[in-house]
Amino acid sequence: MVNLTIDGKQVTVSKTATIYEAAKEAGIHIPVLCYAKKLLPYGACRVCLVEVEQMKGRLIPSCTTPVSEGMVVTTTSDEINKVRKTVLEFLLVNHVVDCPVCDKGGECDLQDLTYEFEVVTNRFEGEKFDLPTDEVNPLIERNMNRCVLCGKCVRVCDEIVGYGSYSFINRGFETKIATAYDRGLNCEFCGQCLSMCPVGALLPRPFKFKARPWQLKEVDSVCGYCGNGCTVTLGVLNKKVETIRFNDKIGVNDGNLCIRGRFGYSYVNHEDRLTMPLVRKDGELVETDWDEALQVVADGLSKAQKGLGVGIISGARLTNEELFVLKKVARTLGTENLDHSGGECYKSVTEGLKETLGVAASTATFPQIEKADVVLAIRSDFYETHPVVGMVVNQAIRRNGAKLLVIADKRGKLDKLPGARTLLSKPGLELDVLNAMAKVLIDEGLAQTEGIEGLAELKTALTDFDPAQVAERSGVDFELLQTAARQLAGAKNVAILMAYGLPYQGFNKELATAAANLALLAGIPGRAGSGLYLCGEKANSQGAIDLGILPQGNGLGAQLMLSAAAEGKLDALYVVAEDPLSSYPDRDKVAKSLEKVPFLVVQDLFLSPTAQQADVVLPAASFAEKDGTFTNAERRIQRVRQGIPTPGKARTDGAIFAAVAGKLGNSLSFTGPAAIFAEIGKEVPAYAEFDFNEIGPQGVVWGGETLQPVSHKVVNAGAGKTVEADFKLVTGSALYHSGTVSTRAKGPIAVLPEPYVELSREDAKGLKVVDGDLVKVNGNGVELQLKVKVGNRLPKGVLFVPYHFAEAQVNRLYKGEAVIAVKVSK
Amino acid sequence: MSEAVEATVAEQDTDLTGANRILDKYVDFPGALMPALQEIQEFYGYIPEPTVHLTAERLNVYTSQIYGVLTFYAQFHLEPRGKYIVRVCMGTACHVKGAGRIAETIKDRLGIGHAETTEDLKFTAEYVACIGACGMAPVIMVNDGTYGSLTVQKVDEVIKKYQQMD
């Protein structure tokens, strides 16, 4: 710690602090333009100049100068003010002062400073910038006439996002911030740059002329897409979410968001939202009132329950409280057929982790990833599935020098960072690679074996996974495989990451088991600072597991329910917040089930392809329209808050469940999410220690920052399997989308409007196709026609198709396998 | 998305063999962007866009960052340059002795002003500060040849001479 004096006040701060940070801690205001908490010190704007007694003769930039013992700092004096004012005058020479029409007006740092320092006149004259505005993309407007060259956008895109869209170009007065070749912005559109911009140079286009910042009501909630659980602060005006506000003060994401979080909210405002209950009459779905719809639902379900039974399939984007009430509905109906998210993809957690570690959740929290020495990511570097975790991984590598290892069938974005290595495996054989790494640990005596159960059996099982042979058949570099295993064993802190979700079903449980084996052998689970992370696809995937939205007793899981329905052995299906027809593997099977089942209720936001088959459609609420909690992939329970009312007659899923239960004769008297949360605690012990109303801005983590495993058991994970074919197709998540909901959101859909098949440059050359050409992809007896996208991340012979687009019907081809043999032709 | 853009650009007709050979030398050399770009320019006469994307990919530097470097330094040229670089001295002595008229004549005869190149890629004009031959003002240089004490007529002769050459 270092002691110094700022404006006569004694301050003690960490020796790594800058003068600016020390002052901030002491509550002393120093104006800044180019400083941002999450970026490295830069010192571009000279607004933060201060006097330091030990450094007389010049003014010192406080944001880049580290503190030292005995420093005496003055932050305000006539001279300092004069210089700051001059800096502002310089900036205002070229800056176009169009505050009345600038969306930043009211929260613009330059505007505020100009006001603070009373820069009424300007001693300098010069030409105003007259640069064209970049309006090529639909999401981020770049008006460089307002730019103050603080470089925050350049830095955030490099330091945090790792994309590098921007650079300073030209020299002297001509200097400006531009993309390569000064073209229109064409990037990931995460919008970190516009969240950093201190002026109105970078603005969200969808928000243009929508509201003045002070008119907006800000509601802190949690993003409804993936399991990362980013805080999204809704900017609400006239009962409409107009934008997502920058907020780095609360939550897990430090103000970072991806395109889905920042621009994907707009589906809540979509004109196609369901606003009225629909009931099928004479073959047509017609609008009706709640009373009738609920009566039809109750009659249908209770009739079915007396017959061949009811199945309930839920999505994982309902709140914990809603899921709890859903469980009550299942009990009221007396059905044990309850499941979520297709019933397979989460088995990595409920079976893979459960059988090894005895827990069904990630063992550590996200902030610990940043401190890891080695990060091992399985199946992708997380940028596609959980982009903001990807940014954390990026930080771990770039700021803290962690080594990144990725075991995947394609290269990811982080592959090029220093020390990052991809163990590029043939699709379907990642499992063998993990097994071989475990074998390296055991054979080389690097494994932690004390207190580990099942070691002898594992050793026997691993004889089939000789590292050299696995390297040979998977295509992974042998030495890299060995090095990777050794790095895991030698590191102090390790983070092992794996995403799960509907498109990642193949060898899902097995991969998690192998990952857990590896983690156990490397001593990771339960060690503070290290963790094994399994991250769900949906906002409340972990909550659905915690709450037990799983087959009860002898009940059927989602896949068995669908099979039973297809065989005429189930009389009703109640599908909530899920579009199985579009997103579940094996569309034809789902279609048959939906067609055969005598009574189908669908509760959703949109009239999805599944809902179109329903007998009753119940209009539900989006994440922005309800209160409750989500549990993210690190077990953090966070508050979801209502920002806007539901459209039309739509109701929250919780309210609908309660009404259905009521019609079934079980009037649930819950008085709101807080009361339900208290009830949850009675059934889910991990939740019992928390009070809904005391969940703070950082949420609460059940099981603690480091979750102690209940068992330490290594289990034979089995072997992976690839296919022999010229073309191997894998499916998954594309960066810009999440599930199927994002295809209704203007932002993501503007950037990635349609399905495609991605292939390597080599394959494109071989097939004589270029970007945008149509190809026929033939596999599993199904032919799809898709647009080509050529990229450099796929190895030759591997194709990638994102699964989000209902119209592409990728799930006719994808039946849940890790890799599909396909033929491709023009 | 940018990957796709890069791929399309990379397929334009620039033979990247030369650039690849140059970059081979620098791939394991951190901070070698400047010398690599200089060599590429030497090879191609300017920096063609496909070589920028190639450099970005092989040296693991953002394309935007390379573009920043290329536009910062006057030594880099993003457009093809003429075979003959006509440097018109605009120093004080030449200015007094009528460098403006010399520049105008060149513009009139070749149709190119400062930093411009004729369509046939034969001439590029550059207005430069003093070239250190004030005794010969007004003076121009064409590649390594120096022509002093110029008049409009003499400029015509110089231009003609180079027009007749290959």
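A:Ile312 stands opposite A:Tyr574 in strand E22 of chain A, where two strands count as paired if DSSP finds at least two bridges between them. The structure is a predicted model, in which local features need pLDDT of at least 70 and side-chain atom pairs count only at pLDDT 80 or more, while totals for chains, interfaces and linings use all residues. Residues are numbered from 1 along each chain as its sequence is written, with chains lettered from A and ligands numbered from 1 in the order in which they are written. Helices (H or I, at least four residues) and strands (E, at least two) are DSSP runs, numbered from the N terminus.

Most residues other than glycine have a negative phi, and most peptide bonds are trans. A:Ser341 is buried because 28 other C-beta atoms lie within 10 Å; the cut-offs are 20 or more for buried, 12 or fewer for exposed and partly exposed in between, with C-beta atoms placed from the backbone. A:Asp182 likewise is not a glycine and has a positive phi, of about 50°. This residue lies in the loop between strand E8 (176–178) and helix H5 (192–196) of chain A, and A:Asp182 is partly exposed because it has 18 other C-beta atoms within 10 Å.

A:Ser221, in strand E10 (residues 217–222) of chain A, counts as buried because it has 25 C-beta neighbours inside 10 Å. Leaving aside residues up to four places away in sequence, A:Ser221 touches A:Val232, A:Leu234, A:Phe623, A:Ala624, A:Val640, A:Arg641 and A:Gly643. The C-alpha atoms of A:Ser221 and A:Phe630 are 9.8 Å apart, although 409 residues separate the two along the chain.

At the level of domains, whose bounds come from an automatic or database domain assignment, chain A is divided into domain 1 (2–76), domain 2 (130–269), domain 3 (278–343 + 542–685), domain 4 (347–535) and domain 5 (727–825). The centres of domain 3 and domain 4 of chain A, taken over C-alpha atoms, are separated by 35 Å. Their contact takes twelve residues from domain 3 of chain A and eleven residues from domain 4 of chain A.

Turning to chain B, the assignment gives domain 1 (2–72) and domain 2 (84–160), with 32 Å between their centres, taken over C-alpha atoms. Chain B holds an open sheet of five strands in the order E2-E3-E1-E4-E5, again with mixed pairing. Strand E2 (116–117) and strand E5 (145–147) of chain B are the edge strands, each pairing on one side only. Helix H7 (residues 99–110) of chain B packs on the sheet, where it touches strand E1 (84–89), E3 and strand E4 (140–142) of chain B, and its direction makes about 150° with that of E1(B). E2(B) pairs with strand E3 (residues 123–128) of chain B in the antiparallel sense over two bridges, and B:Thr117 has B:Thr124 in E3(B) as its bridge partner. In the loop between E3 and E4 of chain B lies B:Pro138, joined to B:Ala137 by a cis peptide bond with omega of about -10°.

As for confidence, the predictor gives the complex an ipTM of 0.91 and a pTM of 0.92. The mean pLDDT (the predictor's confidence in each residue, from 0 to 100) of chain B is 90, and 93% of its residues reach 70 or more.

Conventions
Two residues are in contact if their C-beta atoms, placed from the backbone, lie within 7 Å. Axes are lines fitted to C-alpha atoms, for helices over the stretch in contact, and angles run from 0 to 180 degrees between N-to-C directions.
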